[in-house]
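Trainee: Could you walk me through how to read the features of a structure like this one? I would like the general idea each time, and then the case at hand.

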Amino acid sequence: MNEPAVRVDTTSQVPPYEQIRAQLAALILTGRLTEGDRLPTVRQLAADLGLAPGTVARAYRELEAAELIRTRRGAGTRVAALPSEPQHPDAARLATLARDFTSAARALGAGTDAILTAVREALRERS
């Protein structure tokens, strides 16, 4: 991640850590960030976004809990391998992914129609 692909809207009611978490999750789940890609350090991303390091650290902790990233001392924070496609998608996980995407899309300023159009186009591309 050479330049911050993450944006934070300080006027949004969505907390900054959630905006970061949702946007990074979306980048990982859509394949824009792939296994092994290195993320900026907590301090670097916080400085880039003008936020407190604890805000970015919370987002990273939640991404780690979701097994989307892994942090190793000396190796930094990297995108984890995505699990193989489950036979029967977990409804709770699917709902979380939908919330992640819509949060990231709304942080970019997208409205409901634009979000639905993007989902439909993505589904057509995968068919």
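This is a predicted model: local features need pLDDT of at least 70, side-chain atom pairs count only at pLDDT 80 or more; totals for chains, interfaces and linings use all residues.

Trainee: Let's begin with charges. How many salt bridges does a search of the whole structure find?

Mentor: The general idea is that side chains of opposite charge can pair when their charged atoms come close. In this model, the search turns up four salt bridges.

Trainee: Where do E18 and R21 lie?

Mentor: Both are in helix α1, which covers residues 16–29. They sit three residues apart, about one turn of the helix.

Trainee: Are E18 and R21 buried or exposed?

Mentor: Both are buried. For R21 the relative accessible area is 10%, and the cut-off for buried is under 20%, so R21 falls within that class.

Trainee: Which residue of another helix forms a salt bridge with R21?

Mentor: E62 is one of them: the closest N and O atoms of E62 and R21 are 3.8 Å apart. E62 belongs to helix α3 (residues 53–65) and R21 to helix α1, so this pair ties together parts that are 41 residues apart in sequence. E62 has a relative accessibility of 29%, so E62 counts as partly exposed.

Trainee: And what about D100 and R21?

Mentor: They form a salt bridge too, with the closest N and O atoms 2.4 Å apart. D100 is in helix α4 (residues 91–107), and this pair links distant parts of the chain, 79 residues apart. D100 and R21 are both buried.

Trainee: Now for helix packing. How should I describe two helices that pack together?

Mentor: Two packed helices are described by the angle between their axes and the distance between the axes. Take α1 and α3: they pack at about 45 degrees, and their axes are 8 Å apart. That angle makes α1 oblique to α3. Their crossing is right-handed.

Trainee: Which residues of α1 and α3 meet?

Mentor: On the α1 side they are P16, Y17, E18, I20, R21, L24 and A25. On the α3 side they are T55, V56, R58, A59, Y60, E62 and L63.

Trainee: At what angle do the axes of α2 and α3 cross?

Mentor: Helix α2 (residues 42–49) and α3 cross at roughly 120 degrees, their axes coming within 8 Å. Here too the description is oblique, α2 to α3. α2 passes α3 in a right-handed crossing. The residues that meet are V42, L45 and A46 in α2 with P53, V56, A57 and Y60 in α3.

Trainee: Let's turn to the strands. In what sense do β1 and β2 pair?

Mentor: When reading a hairpin, look at the pairing and then at the turn. β1 and β2 pair in the antiparallel sense, over four bridges. R72 stands opposite G76 in β2. Three residues lie between the strands of this hairpin, and G74 takes a positive phi near 85 degrees.

Trainee: Where is A75 found?

Mentor: A75 is in the loop between β1 (69–72) and β2 (76–79). Its relative accessibility is 31%, so A75 counts as partly exposed. The C-alpha atoms of A75 and R38 are separated by 8.9 Å, while the two residues are 37 residues apart along the chain.

Trainee: Which residue other than glycine has a phi near 60 degrees?

Mentor: That is E67, with a positive phi. E67 is found in the loop between α3 and β1. Its relative accessible area is 59%, so E67 is exposed.

Note on methods:
Residues are numbered from 1 along each chain as its sequence is written. Side-chain values use heavy atoms; hydrogens and water are left out. Helices (H or I, at least four residues) and strands (E, at least two) are DSSP runs, numbered from the N terminus. Buried means under 20% relative accessible area, exposed over 50%, partly exposed in between (1.4 Å probe, protein chains only). Two strands pair if DSSP finds at least two bridges between them. A salt bridge is a side-chain nitrogen of Lys or Arg within 4 Å of a carboxyl oxygen of Asp or Glu. Axes are lines fitted to C-alpha atoms, for helices over the stretch in contact, and angles run from 0 to 180 degrees between N-to-C directions. Angles under 35 degrees count as roughly parallel, over 145 as roughly antiparallel, 65 to 115 as roughly perpendicular and the rest as oblique. A crossing is left-handed if the near helix is turned anticlockwise from the far one by less than a right angle, and right-handed if clockwise. Contact means heavy atoms within 4.5 Å.
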